[in-house]
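Please open the structure in a viewer and keep the selection tool at hand.

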Amino acid sequence: MFNKGVFFATLILLTGCEPVSIADKELVKQDNGYTVYFGGDIVTMSGEQASYVEAVVEHNGKIVFVGNKKAALRQYPATLTQVDLQGSTLLPGFIDPHSHFMSALMMVNQVNVAAPPVGTATNIPQIIAKLTAYQQEQNIADGGWLVGWGYDQELIEEQRHIIKTELDAAFPNHKVILIHVSMHGAVLNSNALAWANIDKNTKTPKGGIIARMPNSNEPAGLIMEMAYIPVFEKLPQPSEAEMLNLMAKAQKHYTSQGYTHAVEGFTHTKHIDFLLKAAQQDKLVIDIAALAAFTEMDKWFDNPKYKFGEYHNKFKLHACKITLDGSPQGKTAFVSKPYLTTGPAGQHHWHGESSITQTQLDGLTKKMFTANIPLQIHTNGDAAIDMMIKTVEQAGITAKDDRRTVIVHSQFQRPEHLAKYVELGLTPSYFTLHTYFWGDVHVKNIGKNQAYFISPMKAAKSAGLITSNHSDFNVTPLDPFFIIWSAMARESRSGAIIGAEQRIDAYSALQALTIGPAYQFFEENRKGMLKEGLLADFVIIENNPLKQDVTEIKNNKVLTTIKEGKTVFSILNLVGNDQDQHGCKNSAGYAWCSSTKRCERPWLLAKEQKFANESAAFTEFCKN
Ligand SMILES: [Zn+2]
């Protein structure tokens, strides 16, 4: 098949005066200037139906023109950089409605040992091979750690847990820990068990599991729950300096999937502080919106250090996050009718629970509404949703107050909730990947009726609600095409269709990754559409999802991600694409200057600011 990516790369045109050799200020201004994108499907996402334009022009990080190509070239003729999409598709950059950015940061130095589709390991030797490859690539010395994530014994051919001796054979000198996909346990090799002080004399703690070798008291490797928690808490954490260095890689995880906006979905103040610092040091290449954890409200509420609602160097503290109940798959979502199967600890007639009482919730809601801090409430079960509706009603807030309270997940909701959402101005952020990952499990646990109405995108849209669709990364992969596909197909792992009536079309699925989350974060006047005046946040993808067969959508590919006019990810070797992390084109003589917060040409800046035309003087002038 014709490889559009390569074709695209070779046919990008770069006209104008670059590289500029004359120190002419006017010329530089133009050269800094305008980029026109054309030659592919450009979907604006600006209405209820798909609308296409021929060209988009970017200038200074913003969209300055959306329309036909001839008019664009006529209006912006001078030194215009022309990008021919060569049949690719350009959309507004994807907006992540809900994930956990700090998890991405922590996972940068971990190995994906998950089974498909999250990873590629299907048996124990493959898991070991992945760890070995990582150890060699990263050159991790003896005594160092190898941490695997996504380990699930049920999805590997052996259908059993790995035992420590298998890991020891490959890693006699390293500490190895494979964190279970549930995050409630792990398998450790002998060195890691020794580090954790778990041996044959260790008693199994109450509420915990320490698996033992056959006919012996020797630990086998697997530890869970109360035996795992202290080990997890003791695991070495990267230092702040290391974390700052990992910011680029963690953001690449998002940009490689076309996201120009990430969410940190439950942020402790120590991580708010960290993200503030990272922003201050210009380490953010995409927007990161953080939701402050309600459990630490005494630290951030009414504290002048923590201002809500505004971006500073791409970081925004956006809302207060309340976690009202648990998860549907863990059967800890608070539901009105009991689960059909027993609770997580074998309870009969089990409903799940809310994390706080109605009175506590009412207190919190009132406090946030009064302080004008948006609320995002993790609410999965219908009984928890009832609590949430009640609390907003109690506070006297309705749609006309425009608070955009986001119901994060909103999974086991009842049809009659939707009218209430409309009336009260509640906006759901759904999670349709549940239909794939846990659809079969939900049918078993809660029955078809409720399982088929999970993440009811179609009913919500018909009711007039604006919705978004998230990955809850690292709960599921940060893959926009997988998300779009799940919203359209609602197909489970076993191939069952989990609620055919709630399937939506590709355009609606795209809205939930663009304009929907932009609205939920009060940013529809900044992003989520291709419209003059909005940020030039784009994603260029291989195929147009609106023209693809649903079965093909998962194979679509992000080619390039552009944040405010700068290429922040590309699998293409674009001409003129030699930008550094700040988007400065070194080949055109630009270098980043922290003090002016711009890409500068040192010799021009030297002239303008009257310092010596030497690199040391430039460095001195530009340091913060
Ligand atoms: Zn979450």
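**First stop: a buried threonine**

T260 belongs to strand β13, residues 259-267. Next, display its contacts beyond four places in sequence, which are G93, F94, I286, D287, D537, T561 and K563.

**Second stop: helix α12**

Select residues 358-371, the 14 residues of helix α12. From first C-alpha to last, α12 reaches 20 Å, close to the 20 Å expected at 1.5 Å a residue. Within α12, highlight L361, T365 and M368, which are buried. Viewed down the axis of α12, its buried residues fall within an arc of 70°, so they line one face of the helix. In general, residues three or four places apart in an α-helix point the same way, because there are 3.6 residues a turn.

Show β16 (315-323), β17 (375-379) and α13 (382-394) next; these are among the elements that cover the buried residues of α12. Turn to the face away from the buried side, where the exposed residues T359, T370 and A371 are found. Just after α12, select N372, which takes a positive phi of about 60°.

**Last stop: confidence**

Colour the chain by pLDDT: the mean is 90, and 93% of residues reach 70 or more. Over residues 1-31 the pLDDT is below 50, although this stretch has 56 contacts in the model beyond near neighbours in sequence. Where pLDDT is low, predicted coordinates should not be read in detail.

Terms used:
Residues numbered from 1 in each chain as written. Predicted model: local features only at pLDDT ≥ 70, side-chain atom pairs only at ≥ 80, totals over all residues. Helix = DSSP H or I, 4+ residues; strand = E, 2+ residues; numbered from the N terminus. Expected span 1.5 Å × (residues − 1). Buried ≥ 20, exposed ≤ 12 C-beta atoms within 10 Å, placed from the backbone. Arc of directions from axis to C-beta. Contact = placed C-beta atoms within 7 Å. pLDDT = per-residue confidence, 0-100.
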